[in-house]
Structure formats: structure tokens, C-alpha cells
Amino acid sequence: MIVLGIESSCDETGVALVRSDGPGTPRLLAHALHTQIDMHRAYGGVVPELASRDHIRRVLPLTRQVVAEAGIGLGHVDLVAYTQGPGLAGALLVGAGVACALAAALERPVVGIHHLEGHLLSPFLSADPPAFPFVALLVSGGHTQLMRVDDVARYTLLGETIDDAAGEAFDKSAKLMGLGYPGGPALARLAEFGDPSAFELPRPLLHSGDLDFSFAGLKTAVRTRLGKLGTNVCQQDLANLAAATQQAIVDVLVRKALQALRQEGLTRLVVAGGVGANRLLRTRLDAEAAKRGLRVHYPELALCTDNGAMIALAAALRAQRGLTVPQADHAFGVRPRWPLAEVSVAA
């Protein structure tokens, strides 16, 4: 079975082809990605209408590119998958419309996939794929969640953010520091030149005893520190503050992830989402795993951000287990707000 996946939930247009041969892990044939970072940089963040228009321009050329790289014709596609949500409504509609129209033209089934399920399963395309069951730490611009994953579509929410997600804490703190867009990677780069102990910042809910997160207070503390530094902040102070901010976020993520593993009695952790590419987070988790006899799995760096490969993969894995419900009439709708729990099935 060959699955074509289309991702257009926010500011990246992704298209990929995945091949599933029996019950094993599907194989990535080809994928292509266009990021809108340069377009949105002038506005300091994603402009939804511009994002939607750019998806329209990119999705068909990327589809042709992926088909050519895979060396197959569109007629060989057995299933078309697209991101149904969550995300920006207009952006989602572009991918959904193209996927359903393409499926109708090919007389193939089409299925909508949950964006976070794609991220959660994306490490199965890596050189070191995980095995069920595991704990998943989903960390992206808009989501921070800990999930117990027993199989495809068998997800139990263990904890989540009650306000800002980890990615938002990175981005908003970077914006306060004047680091531009996208803020998270810029803050991480600057932090490499700083001393994280130079500033004392809070670790919200670090000792709460539960698995929930809160990063809004950290952002406020960063603003307060900047106010005390005055208008002429030297570059070293800024680097120190960036390092302290990154350290605080990573401390919370690492502690909660390890707590989730202990609570569930599991030894495998999957880290997915854009923040999963953060170097300090990976270094800390790998070090803790080595000390405690744990395994940590990540997506390939190229697949940490939004991409079509994770959507095609999720559709293929669901199809293998008979969980895919194709849309026979090729009608479509999107779900900008969509809890991951709603795509889970009973054990």
C-alpha cells in the first residue's frame, strides 16, 4: 500500500509518499517540505491568510516533486491522507481540499489525520524506531503533553500545559529579547554563548507532583528581568538570560518526562514536535537515560517540524490495524481544535 500524505496545518507545506508492506513499519519513499519562515519573519509571527495563500501555491508542485523522486505515478497511490486538525482553519482547508480532490480524481479513498498523532508516531521513520508501549513527550509551538502510548490510536493523556506551551515560552521569551522570528531556534543559538546560572528563573510546577506544565510565569519572569536590565542590555547579559530561560524550560520537561516513565513503569520515551530538536533537551534526556537504563527515541531532525511524512505514516499505521475510515464521498471538513483523545480507541 502506498500512502500520499499532505500537511498544511500552519506555516509549512509538506508532501510525502510512504509504502507499507504488510505488518512491518512503513517505509518513507520521498518527501518534500516548504517552510514559510522568510515570508512571516517581517511580521514577527504567522499571518494566517498569507499562510493559506502560500499553501495553495506550493502543494501541487511539491506533490509533483515527491512523485518524481519516488519514481512512481500518481496512479500507484492507494490512499490519500491529509492533516484535518488541529491548526489554522484556512491552512487546513487547503490541504484537505487538494487531498480530497486528488483522491476523487484517482478514485482512491481519503482520510483525515490528527496533526499531533503524526508527530507522536514520526519516530517510527527514524533509524532507531521505538516499540510499544512508551511515554511520549509532545513539545511543539502550541502543545506540550505527556501521553502513554500502548499502540496506534491507544493514547492516554498523562499531563499537559495549563497555559503557554514550551514552544510558546521559547518564542515569546525570544520576542521579549528582540531576537526576531522564529524565536525558539534564535534563543537556543544565543544560549550557547551564555551562562544559565547568571539569572535565577522559576521552574513552574516543577514540584507539583502531577504531570501538568505551566510556562506563562516563566515568560513573565523573563520580562521582569529584562526590565531590571534597562534599555541598553549588553549582548552577554542577553546570552545569559537566553541560557537561563532555556535551562528552566528543559529542567521542567526532563523532570516531568522522567516522572511519567516512573509512574507508568515504562522504560521508553519518545520525544516529538519542533522543540524536540532542541540540542540541550536531547543532551539532558540522553544523559538521564544512560544513567537510568532508559531508551529515548527522536524523529530524524528533518522530521521534527511539521511534515507530510508523519501524516502519511500515521495513515499507513492506522490502515494496517483496520482503523482507517475512508471518506467515500470525498467531502471534507477541518477541525482547528481537536483533542488527541478523540482519535484514541478503547484498549
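Trainee: Where does Glu107 lie, and what is its phi?

Mentor: Please keep in mind throughout that this is a predicted model. As a general idea, most residues other than glycine have a negative phi, and most peptide bonds are trans. Glu107 lies in the loop between helix H3 (89-106) and strand S5, and its phi is positive, about 55°, although Glu107 is not a glycine.

Trainee: Is Glu107 buried or exposed?

Mentor: The relative accessible area of Glu107 is 70%, and because a value over 50% counts as exposed, Glu107 is exposed. Another residue with a positive phi that is not a glycine is Ala153, where the angle is near 70°. Ala153 sits in the loop between strand S7 (144-151) and strand S8 (154-160), and with a relative accessibility of 0% Ala153 counts as buried, because the cut-off for that word is under 20%.

Trainee: Which peptide bonds are cis?

Mentor: Among them is the bond from Phe132 to Pro133, with omega near -5°, and Pro133 has its place in the loop between helix H4 (115-121) and strand S6 (134-139). A cis peptide bond also joins Tyr181 and Pro182, with omega about -5°, and Pro182 belongs to the loop between H5 and H6.

Trainee: How do the axes of H8 and H9 cross?

Mentor: The axes of helix H8 (residues 235-264) and helix H9 (residues 279-292) come within 10 Å and cross at roughly 35°, and the crossing is right-handed. On the side of H8 the contact is made by residues including Gln246, Val250, Leu253, Val254 and Leu258, while on the side of H9 the residues include Leu281, Arg284, Leu285 and Glu288. Sorted by type, the residues of this contact divide into 7 nonpolar, 2 polar and 5 charged.

Trainee: What does Arg321 touch?

Mentor: Leaving aside residues up to four places away in sequence, Arg321 touches Phe132, Asp151 and Val152. Phe132 is also the residue from which the cis bond to Pro133 runs. Arg321 itself is found in the segment after helix H10 (308-320), and at 34% relative accessibility Arg321 counts as partly exposed.

Trainee: How should I read a pocket, and how much space lies in the second largest pocket?

Mentor: The general idea is that rolling a probe the size of a water molecule over the atoms shows where empty space is left. In this model, about 210 Å³ of space lies in the second largest pocket. The pocket is lined by 15 residues, of which Gln84, Val111, Gly112, Arg318 and Trp338 are the closest to its centre. Strand S5 (residues 110-114) gives the largest share of the lining, 4 residues, and the lining as a whole divides into 6 nonpolar, 5 polar and 4 charged residues.

Trainee: Where is Arg27, and how far apart are the C-alpha atoms of Arg27 and Ala42?

Mentor: Arg27 is in strand S3 (residues 27-35), and its C-alpha atom is separated by 38 Å from that of Ala42, 15 residues apart along the chain. Apart from residues up to four places away in sequence, Arg27 touches Leu17, Val18 and Arg19.

Key. Residues numbered from 1 in each chain as written. Predicted model: local features only at pLDDT ≥ 70, side-chain atom pairs only at ≥ 80, totals over all residues. Heavy atoms only, no water. Axes fitted to C-alpha atoms, helices over the stretch in contact; angles between N-to-C directions. Helix = DSSP H or I, 4+ residues; strand = E, 2+ residues; numbered from the N terminus. Left-handed = near helix turned anticlockwise from the far one by under 90°. Contact = heavy atoms within 4.5 Å. Nonpolar A, V, L, I, M, F, W, Y, C, P; charged D, E, K, R; others polar. 1 Å grid on protein atoms, 1.4 Å probe; cavity = no way out; pocket = protein on both sides within 12 Å on 5 of 7 lines; lining within 4 Å. Points joined across faces, edges and corners; volume = space filled by probe spheres on them. Buried < 20%, exposed > 50% of the residue type's maximum accessible area, 1.4 Å probe, protein only.
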